[in-house]
Amino acid sequence: MAKKKESIEEELAAKKESMWLTLKKREIEDAMKFSEDYKKFLAEVKTEREAVRYIVTEAEKHGFKDLAKKKSLAPGDKFYLINREKTVALGVVGKKPLEGFRLVVSHIDAPRIDLKPNPVWEDGDAALALFKTHYYGGIKKYQWVSRPLALHGVVYTKEGKRIEVKIGDNPGDPVFVIPDLLPHLARNVQGDRKLFEGIKGEELQLVVGNIPINDKEIKQKVKIQILKYLNEKYGIVEEDFNSADIEIVPAAQPRDVGFDRSMVGAYGHDDRICAYTSLRAILEVKEPTYTSIAFFYDKEEIGSDGNVGAQSNFLEYVLAKVVNLIKPGYLHVEFMDMLYKSKAISADVSAAINPIFKSVHDIPNAAKAGYGVVISKYTGHGGKYSSSEATAEFMSEIRALFAKYNVPYQVAELGKVDEGGGGTIAKFFAKYGMDVVDMGPGIIGMHSPFEIASKMDVWSAYRAYKVFLSQ
Ligand code: MN
Ligand code: MN
């Protein structure tokens with residue numbers, strides 16, 4: 001007997017629903033609570049150094065120990081290893097510790113603006129002191145002007161004294177601003193520029209002061225007054241900016257978005273949304289079969305180069321240390337074998353459909369806010385260039401795992417073919433032979449100073465990473 005039309009559709013057609021409708025009431029409450037914790041994390045963490053500090057503090061609270069101080073490792077042991085305050089790994093030794101790893105790899109840097117090494121100058125005509133900057137990562141520069149900005153980072157004096165700078169986030173703090181041009185006078189200077197050049201790199205200059213020092217002998221009176229303030233407050237001199245990592249980040253705090261408070265708006269979702277959800281996941285992993293490790297990398301936004309990026313040998317360094325503490329004197333071929341048998345999630349965000357610019361998406365292959373963590377079989381641009389594509393076999397394995405543990409997810413591409421594209425750190429792990437797939441929440445307004453994520457997608461990412469790391 002022929003089946004009814006609805007039941008054939010039910011049987012054959014893909015069906016995805018909003019998690020707001022499919023989750024049980026109690027789980028929605030858990031998800032909302034989880035996003036409250038996530039907002040606190042985002043309020044506290046605006047740089048990779050702050051992320052590492054937060055991650056290690058939480059790890060220690062949960063019984064993770066510094067791998068550098070361990071003499072041996074056994075199943076159930078929890079460890080962490082820091083790389084220069086900017087990259088960190090957290091792991092739990094599995095019951096079959098040498099049969100391949102389960103890795104979730106995210107990045108904790110975010111697009112921003114850095115200070116130049118010689119930032120301070122005075123524009124005498126304007127009677128203002130300014131900081132020169134150099135942007136970091138793929139920002140649309142015009143989004144960073146005329147909004148309150150904060151300074152976060154460290155400065156080292158010539159003597160090696162470390163000074164922390166964090167100003168602009170507390171309610172009583174002053175903020176800093178890159179002033180845009182008033183529209184009344186912008187016709188010629190900005191009117192004919194293309195959007196992306198609306199503000200140019202050298203125009204990203206931060207206003208930091210206006211009071212001149214009361215001294216006739218001094219030419220750059222406002223600049224010297226600012227240096228005097230910095231010396232009194234932080235004990236630094238102008239040249240100390242040569243040895244500094246100071247980042248300019250939005251001074252705004254994370255906020256609920258929408259009447260229904262369904263979304264989190266904040267700076268740095270990319271990729272701290274994956275860092276936070278995978279941190280919570282690894283903290284809660286108990287007695288996994290395989291050794292589970294969450295990596296949190298710096299420098300993804302500028303290509304993962306350098307000694308704290310995902311192209312460094314930190315992965316091998318951590319894994320070799322772990323294997324050596326479990327089986328001293330292991331063979332190189334055993335190590336390569338373990339890498340080859342490992343499986344990884346490249347935990348990075350995707351794009352959720354922005355209703356105002358829908359044309360960049362192929363809707364059936366685009367992510368929707370609230371429909372769960374986005375699995376990307378491949379990333380890259382053009383004809384899948386620079387992509388590490390997950391095999392059909394691994395995609396099938398992940399689908400089966402999420403079906404078994406009831407993890408909502410959606411499979412999507414970033415945008416339309418030839419519309420643009422983007423890469424992740426998946427390929428740097430895939431080169432060891434392990435299976436890797438990209439997975440993270442869909443974000444609206446990615447790389448802007450105020451990105452949006454659905455609280456359902458935050459929750460779904462956490463559930464997905466936890467299930468994967470708990471195998
Ligand atoms: Mn990212
Ligand atoms: Mn990014």
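I will call a residue buried when its relative accessible area is under 20%, and exposed when that figure is over 50%. What I am showing is a predicted model.

On one side of helix 8, which spans residues 332-341, Phe335, Met338 and Leu339 are buried. Those three cover an arc of only 100° around the axis, which places them on the same side of the helix. An α-helix has 3.6 residues a turn, so residues three or four places apart point the same way. Val333 and Tyr340, on the other side of helix 8, are exposed. What do the buried residues of helix 8 pack against? They pack against strand 4, residues 101-107, and helix 7, residues 314-326.

Next, the domains. The chain is divided into domain 1, made of 2-110 and 267-469, and domain 2, which is 112-250. Their centres, taken over C-alpha atoms, are separated by 35 Å. Domain 1 puts 20 residues into the contact and domain 2 puts in 17. About 1600 Å² is buried between the two domains, and carbon and sulfur atoms give 44% of that area. On the domain 1 side, Lys46, Arg49 and Pro449 lose the most area to domain 2, together 32% of what that side buries.

Now the polar side of the interface. Twelve residue pairs are in polar contact across it, both residues being at pLDDT 80 or more. The rule also finds six salt bridges between domain 1 and domain 2. Helix 4, residues 48-61, supplies four residues, the largest share of the side of domain 1 that touches domain 2.

Arg49 is buried at 17% relative accessible area, while Asp245 is partly exposed at 27%. Glu164 and Arg53 form another salt bridge, with the closest N and O atoms 2.6 Å apart.

The structure holds 33 salt bridges. One of them joins Arg463 to Glu27, with 3.5 Å between the closest N and O atoms. Arg463 lies in helix 11 and Glu27 in helix 3, so the pair ties together parts 436 residues apart in sequence. Arg463 counts as buried, at 18% relative accessibility.

Note on methods. Residues are numbered from 1 along each chain as its sequence is written. Chains are lettered from A and ligands numbered from 1 in the order in which they are written. This is a predicted model: local features need pLDDT of at least 70, side-chain atom pairs count only at pLDDT 80 or more; totals for chains, interfaces and linings use all residues. Side-chain values use heavy atoms; hydrogens and water are left out. Buried means under 20% relative accessible area, exposed over 50%, partly exposed in between (1.4 Å probe, protein chains only). Helices (H or I, at least four residues) and strands (E, at least two) are DSSP runs, numbered from the N terminus. The arc is that of the directions from the helix axis to the C-beta atoms. Contact means heavy atoms within 4.5 Å. Domain bounds come from an automatic or database domain assignment. Buried area is the accessible area (1.4 Å probe) that two parts lose on being put together, summed over both. A salt bridge is a side-chain nitrogen of Lys or Arg within 4 Å of a carboxyl oxygen of Asp or Glu. A polar contact is a pair of N or O atoms within 3.5 Å; within protein, one must be able to donate a hydrogen and the other to accept it, and residues adjacent in sequence count only if both atoms are side-chain atoms.
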